[in-house]
Amino acid sequence: MNLQLFIPELTLAIFAIAVILLDLFVQRKGVLAGVSVAGLVISAGFTLTMWGSEPQTIFNNMLAVDSFALFFKLLFTGIAILVILASVDYASKLTNLQGEYYALVLLSVLGMMLMAAATELISIYVALGLTSLSLCALVGFLKDSKSSEAALKYFLLSAMVSAVLLFGMALVFGVTGETQLSKIAQVIQAMPLTNITDNPALVLGVVLLIVGFGFKIAAVPFHMWVPDVYEGAPTPITAYLSVGSKAAGFAVILRIFSSAFGLPEWLSLNWGMLFAVLAAISMTLGNVVALPQTNIKRMLGYSSIAQAGYLMVGLATVGILPTADVLGQSAILFFLASYTVTNLGAFIAIIAISNKTNSDLIQDFSGMIRRAPGLALALTLCLVSLIGMPPAAGFMAKFYIFSAGVHSGLLWLVIIAVLNSVISAYYYLRVVKVMWFGEPTSTEKVFSSGALRFSLFITSIGVLLLGILPGLVMKLTEAASKMLAFLP
Amino acid sequence: MSVGLEHYLILSAALFSIGFYGALAKKNAIIILMCIELMINAVNIAMAAFSRYSVPVLLTGQVFIIFIIVVAAAEVAVGLAIIMNIYRSRETTETDKIDLMKW
Amino acid sequence: MATDYIYIALFLLAAILFVVTTLLIPVTLRFLKIIPHNPTPVKGSPFECGVETIGKTWVQFNLRYYLYALVFLIIDVLVVFLYPWAVNIRHLGLTGLIEMLILLTIVTVGYIYAWKKGALEWK
């Protein structure tokens, strides 16, 4: 067995343990953030060296090391670095619990990396457990009543959903007798079935899997936790949840549904259509309920439900045109990359501003352009990108994913999505209007730490780069998506 | 009539449904947690039955169960810690009184 | 097939008989005046290891027990992985040993963490 392929994950695990031990024996807590960022950078470096090599599997086909997994590993380490840099200001409020905070972030990144690499039901479940448990603890980290309420809601729902997901896995395992995705695919393709009603147990299993992962990606009707948890959680963790946990969910869905249930057509057409319907409901509900929100974190929570809807257009494409090309998969990966930089940027700006104003209400952002020009400009750029207007990344991402949708004949869905983008412009632009034309509530300037400004700078550059020169990343996403066809 | 796969599956489905009902209907967070454990154990029964009847030679199902048990234990630990945390600030574990954030 | 059920029926019968007899023995002895009937408050009170009981039976347990329980639960459940490994130790060889050592290291770090944080002290 080839243990050096597992080095990025091992590095992260070692650094997570090191952070916990350091926290016990070191008095100066400032080093902890540095050590965690160093661990993430080293892990990302090891991941980069593997890029482009032949796809391989480790631990008896439990984990795949291919471009698809590597793409997501780079994405997750990048997210975590930015989140840690953005929470340096925040973590000093946590006084004696900083070590746990950083260690839990590292562990959840580890879980997400394993989720992206897992090619087996058991490893998928364990990775999912690692991710969601560390996120639960992080959501409740502030220990005030809002934060612990958010943690309780997130925990109870995610535990319940993981039981449902397990039941789905048990059914799939029972019908096929396999837990490895590629072998499940072989068994299903060998079955003499032509219709969805021929094997109800298998169909029930697939539907329960969709329920489980739909919760992770915050799709309607499994979205009820999103606004509450986003509002109550510490803001850096909200940012982390909104991009990291969603991207991990999509990674697993893509892996399972394009390798295990990608063929035969009677199955893939049906789950493709199911995703199409969920996509339409998610975008509409997310955007409409976001309209009257007054808390910006809550508003971005509903907006992330809507974005999950746009992303599911890509999943529907994957189901309806399974073998044609990797347009849908590649569009999802590109959308995830652009959504990551955009949403992280927005949240980092919000962290900086609400650190000063101690409030998440939209009205308190009034006149921010005069109090903090840089922050307000970056936030405006990110909101414009979330609407999907050029020259920001969101435009290219939506264009790419909608053209994939049209290509597979889902014109009705794309029309709904475009209409939704128009609705969404209203509430995003309302924040922009308040910031640019509102009267400042005080004349005091808003200052932020160097680490935070650096991460905001990186995300803004990312938003512009993905919007103006999307070709670079599209090449990566296409290379990564091609790997999904490879079966270990 | 001998006891076959379907009997275990009926038992498992019944337990799962009871747990699911309890998780949705009960108000005390700890009882909800217990109901979720019931759901997970129902899955374990189904797993073991499938493992015995559909792949009798391999042990995949049993190995899966071991992992489920371990993850479930970790889940209980984290969950109880969260419930304790909320009890300290609110003096209650009734989920319908934990309603600072709505809509 | 039917013979299997006869065994079950026999077991059931034996179980019921056992319960009924054990219930009937003290009643019969009392009826035959072999055991005296002389209740006092001291006799009626619960008796536990020679210590007199204080307060009600339904009490809240100290939060400390819960911390011990958590530490115990986590370490205890991880032992589940040791058994399959121990059975197959020859077959798994050095790789298996290293993997198990990694697992034990992580558990030990958790233990050290709990210790340093004072979870094992009775304050």
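How many helices and how many strands does chain A have?

Modeller: Chain A has 20 helices and two strands. Helices (H or I, at least four residues) and strands (E, at least two) are DSSP runs, numbered from the N terminus. This is a predicted model: local features need pLDDT of at least 70, side-chain atom pairs count only at pLDDT 80 or more, and totals for chains, interfaces and linings use all residues. Residues are numbered from 1 along each chain as its sequence is written, while chains are lettered from A and ligands numbered from 1 in the order in which they are written.

Start with the overall form. The radius of gyration of chain A is 21 Å, close to the 23 Å that the globule rule gives for 488 residues, so chain A is as compact as a globular protein of that length. (The radius is taken over C-alpha atoms; the rule is 2.2 Å times the number of residues to the power 0.38.) Along the principal axes, the C-alpha trace of chain A spans about 75 × 55 × 40 Å. Of the 488 residues in chain A, 64% are buried (20 or more other C-beta atoms within 10 Å; exposed means 12 or fewer, partly exposed in between, with C-beta atoms placed from the backbone). Now the contacts (C-beta atoms, placed from the backbone, within 7 Å). Among those in chain A with a separation of 6 or more, 80% join residues 24 or more positions apart.

Next, some loops of chain A. N60(A) lies between strand 1 (56–58) and strand 2 (63–65). N60(A) has a positive phi of about 50 degrees, although it is not a glycine. With 10 C-beta neighbours inside 10 Å, N60(A) counts as exposed.

Then come cis peptide bonds. The bond from V220(A) to P221(A) is cis, with omega near 5 degrees. P221(A) is in the loop between helix 9 (200–216) and helix 10 (225–232). The bond from P390(A) to P391(A) is also cis, with omega near 10 degrees. P391(A) sits in the loop between helix 16 (373–387) and helix 17 (393–407).

I362(A) belongs to the loop between helix 14 (327–357) and helix 15 (368–371). I362(A) is partly exposed, with 19 other C-beta atoms within 10 Å. Leaving aside neighbours within four places in sequence, I362(A) is in contact with T294(A), I296(A), V431(A) and V434(A). E478(A) is 116 residues from I362(A) in sequence and 39 Å away in space, C-alpha to C-alpha.

Now to chain B. There, 33 residues of chain B are in contact with 30 residues of chain A. On the chain B side, helix 1 (5–25), helix 2 and helix 3 (60–90) each supply at least two residues. Helix 3 of chain B gives the largest share, 17 residues. By class, the side of chain B that touches chain A has 25 nonpolar, six polar and two charged residues. (Nonpolar: Ala, Val, Leu, Ile, Met, Phe, Trp, Tyr, Cys and Pro; charged: Asp, Glu, Lys and Arg; polar: the others, Gly among them.)

Look at one helix pair in that contact. Helix 7 (residues 145–176) of chain A and helix 2 (residues 29–54) of chain B have axes 9 Å apart and pack at an angle of about 15 degrees. (Axes are lines fitted to C-alpha atoms, for helices over the stretch in contact; angles run from 0 to 180 degrees between N-to-C directions.) The two helices are therefore roughly parallel to each other (under 35 degrees; over 145 is roughly antiparallel, 65 to 115 roughly perpendicular, the rest oblique). Residues of helix 7 of chain A that take part include L152(A), L156(A), F167(A) and F173(A). From helix 2 of chain B come, among others, I32(B), M39(B), V43(B) and F50(B). The residues of this helix contact divide into 18 nonpolar, two polar and no charged.

Finally, chain C. Chain C has five helices and zero strands. The radius of gyration of chain C is 27 Å, well over the 14 Å that the globule rule gives for 123 residues, so chain C is more spread out than a compact globule. The C-alpha atoms of chain C fill a box of roughly 70 × 60 × 20 Å, taken along the principal axes. Buried residues make up 0% of the 123 residues in chain C. K33(C) lies in the loop between helix 1 (2–31) and helix 2 (41–44) of chain C. K33(C) has a positive phi of about 60 degrees, although it is not a glycine. With 8 other C-beta atoms within 10 Å, K33(C) is exposed. Six residues of chain C are in contact with six residues of chain B. On the chain C side, these are six nonpolar, no polar and no charged.

Conventions: Two residues are in contact if their C-beta atoms, placed from the backbone, lie within 7 Å.
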